[in-house]
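Colleague: I am new to this structure and would like to learn how to read it. Please take me through the features in turn.

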Amino acid sequence: MRDLFEQEEEGLSIPIVPGAVLLRGFANDIAQQLLGDLERVLASSPWRHMTTPGGFRMSVAMTNCGTLGWVSDRTGYRYDRVDPASGEPWPAMPATFLQLAAQAAAAAGFDRFVPDACLVNRYEAGARLSLHQDRDERDYAQPIVSASLGLPATFLFGGIRRADKSRRLSLAHGDVVVWGGPARLSHHGILPLKEGEHPLTGRCRINLTFRKAG
DNA sequence: AAGTACCC
DNA sequence: GCGT
């Protein structure tokens with residue numbers, strides 16, 4: 001019953017596990033500015049489907065902004081200063097992105113969060129991200145901030161061990177999840193996106209994931 | 001490896 | 001649905 005109650009809360013901090021919190025609707029007021037800034041990022045570094053080290057095409061389309069961008073190809077996962085598609089540095093992180101990330105982190109108890117990487121994910125119907133850990137960053141003392149825009153999705157949030165039981169959380173437009181400290185290496189993922197239409201993003205979900213990678 | 005296939 |  002507690003879960004049903006939580007699903008209906010708005011504008012509140014909802015604890016998930018120690019070190020992880022869902023900030024319901026935290027990005028609502030700034031969502032249109034974020035999406036406008038994203039258009040300028042995409043003009044330099046457009047969407048692309050990366051390849052896993054196993055050689056499979058990821059269903060989620062991605063790009064990055066900030067001094068470091070997350071990249072996957074046949075050689076592995078890494079952060080790189082350069083967009084491999086353009087040969088140029090990733091676009092600068094927009095001020096609105098930095099502000100959202102810092103304010104969300106602070107609201108979750110992580111002060112002075114200054115991300116140097118923003119991975120942008122676009123989910124269309126059927127796109128998914130299987131359960132994984134964010135472990136390519138240098139300093140696990142730095143939290144992860146993940147903002148949802150557009151269509152809703154089911155977020156899986158598990159434990160440190162892959163076999164730990166995962167919780168399912170419905171994430172809606174404007175929701176922000178922050179995890180760090182004891183939850184920093186929690187497994188997480190997104191179930192296949194359902195079809196739908198959102199007034200601001202159309203038939204997709206956009207996710208902004210902020211990290212201090214370097 | 002953030003993926004798939006296949007097995008139990 | 002889980003592990004490999």
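Colleague: Which residues is Leu208 in contact with, leaving aside its neighbours within four places in sequence?

Modeller: Contact means heavy atoms within 4.5 Å. By that rule Leu208 touches Leu34, Phe97, Cys118, Leu119, Val120, Val145, Ser146, Ala147 and Leu149. This is a predicted model, where local features need pLDDT of at least 70 and side-chain atom pairs pLDDT 80 or more, while totals for chains, interfaces and linings use all residues. Residues are numbered from 1 along each chain as written, chains are lettered from A and ligands numbered from 1 in written order, and side-chain values use heavy atoms, without hydrogens and water.

Colleague: Which residues touch the most other members of the largest nonpolar core?

Modeller: In soluble globular proteins, nonpolar side chains tend to be buried together. A nonpolar core is a set of buried Ala, Val, Leu, Ile, Met, Phe, Trp, Tyr and Cys residues joined through side-chain atoms within 4.5 Å. Buried means under 20% relative accessible area, exposed over 50%, partly exposed in between (1.4 Å probe, protein chains only). Here the largest core has 30 residues, and Phe97, Leu208 and Phe210 touch the most other members.

Colleague: Is Ser146 buried or exposed?

Modeller: Ser146 has a relative accessible area of 6%, so Ser146 is buried. Leaving aside neighbours within four places in sequence, the contacts of Ser146 include Asp175, Trp179, Asn207 and Leu208.

Colleague: With which side chain does the side chain of Ser146 make a polar contact?

Modeller: A polar contact is a pair of N or O atoms within 3.5 Å; within protein, one must be able to donate a hydrogen and the other to accept it, and residues adjacent in sequence count only if both atoms are side-chain atoms. The partner is the side chain of Asn207, at 2.8 Å.

Colleague: How do the residues of the lining of the largest pocket divide?

Modeller: They divide into 13 nonpolar, 11 polar and 8 charged. Ala, Val, Leu, Ile, Met, Phe, Trp, Tyr, Cys and Pro count as nonpolar, Asp, Glu, Lys and Arg as charged, and the others, Gly among them, as polar. On a 1 Å grid over the protein atoms alone, a pocket is an open set of points where a 1.4 Å probe fits, with protein on both sides within 12 Å along at least five of seven lines; lining residues have an atom within 4 Å of a point.
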